[in-house]
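Good morning, colleagues. Please have the view open as I speak.

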Amino acid sequence: MQQLSSALSSALSSSLSSSLLSCSRLSLRRGQRQILDGLDLSLESGTLTALLGPNGAGKSSLLKCLTGELEYEGSITLFGADRQLWDSSQLAHRLGVLPQSSSLNFPFLCEEVVAMGRLPHSEPAARRDEIVAAAMTHAGVEHLAKRLYPGLSGGERQRVQFARVLAQIWQAPSPTEQPRLLLLDEPTSALDLKYQHQLLTMARALASRNTAVLVVLHDLNLAARYADRLVMLERGKLMADGTPGEVLTPELISRLYGYPAQVLHHPESGLPMVV
């Protein structure tokens, strides 16, 4: 562990200007199927990147490689150091992950679920409770604090889990905030329209605080509205990478989704709208 810590410190001190996340020649195979195929991707602080693609394109598999759930070929660098050098508890301070769904079925109160996000941290209970309350308020679920988690709707569960992730990477605003990464896998799939926008607005605000956000989305219009950058995957390969205006074209959408979409532009924002 001492050797790992020394190697990590050395890598970080020599890579202060690097991307917060960088993948090089990332590949993943399951049986005879190539899930990811030589993927290169980097994320910079202050950006929200939407990961797009049809079912089976490799989006969730990419996130699972980034979180260490799946073994892969190639390299992944987080905060300037190889992913393999990171101690899991150290990384948990700076990397937050919201999966598609949670299998948690124990009768925990919602505030207890959110408090799980603070487990990697050593702090007084009063400070933990303060952060948990703040995270629940920011996620709009403070009214669910004393409700039992298993009794919630799917959308309510998703919002509580988002509050847990916020609590996990919570930092007091300061000039010395550490860079953070936030990975969101289809976070809006179970949410009503209001809460879709609320969650993505919060992710957008967090990105402005020395954070890189990568979010898997199926709604192209939400992606266009909230993301600085769109990354399209097709069968594990990078198909397109650019601004919403560059990526959301009828030609690319037709190729990727097999749908003859029209692309209009919002009269006020000028952002593309897919119809």
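Let me begin with Asp241, which has a relative accessible area of 39% and is therefore partly exposed. Please keep in mind that this is a predicted model.

What does Asp241 form with Arg229? The two residues form a salt bridge, and their closest N and O atoms lie 2.8 Å apart. This pair links distant parts of the chain: Arg229 belongs to strand E9, residues 229–234, while Asp241 belongs to strand E10, residues 237–242, and 12 residues separate the two.

The structure holds 10 salt bridges in total, and I shall discuss two others. One joins the side chains of Asp129 and Arg128, at 3.0 Å from N to O. Asp129 has a relative accessible area of 42%, so it is partly exposed. Arg128 is likewise classed as partly exposed, at 33% relative accessibility.

The other joins the side chains of Glu177 and Arg180, with an N to O distance of 4.0 Å. Are these two residues buried or exposed? Glu177 counts as buried because its relative accessibility is 14%, and the cut-off for burial is under 20%. Arg180 is buried as well, with a relative accessible area of 2%. Glu177 and Arg180 are also part of a network of salt bridges that includes Arg209.

I turn now to helix packing. In general, a pair of packed helices is described by the angle between their axes and by the distance between those axes. For helix H5, residues 125–138, and helix H6, residues 154–168, the axes come within 8 Å and cross at roughly 135°. H5 and H6 are therefore oblique to each other. The crossing in which H5 passes H6 is right-handed. On the H5 side, the contact is made by Ile131, Ala135, Met136 and His138; on the H6 side, by Ala163, Leu166 and Ala167.

Finally, a loop residue. Where is Asn55 found? Asn55 sits in the loop between strand E3, 47–52, and helix H2, 59–67. With a relative accessibility of 70%, Asn55 counts as exposed.

Terms used:
Residues are numbered from 1 along each chain as its sequence is written. This is a predicted model: local features need pLDDT of at least 70, side-chain atom pairs count only at pLDDT 80 or more; totals for chains, interfaces and linings use all residues. Side-chain values use heavy atoms; hydrogens and water are left out. Axes are lines fitted to C-alpha atoms, for helices over the stretch in contact, and angles run from 0 to 180 degrees between N-to-C directions. Helices (H or I, at least four residues) and strands (E, at least two) are DSSP runs, numbered from the N terminus. Angles under 35 degrees count as roughly parallel, over 145 as roughly antiparallel, 65 to 115 as roughly perpendicular and the rest as oblique. A crossing is left-handed if the near helix is turned anticlockwise from the far one by less than a right angle, and right-handed if clockwise. Contact means heavy atoms within 4.5 Å. Buried means under 20% relative accessible area, exposed over 50%, partly exposed in between (1.4 Å probe, protein chains only).
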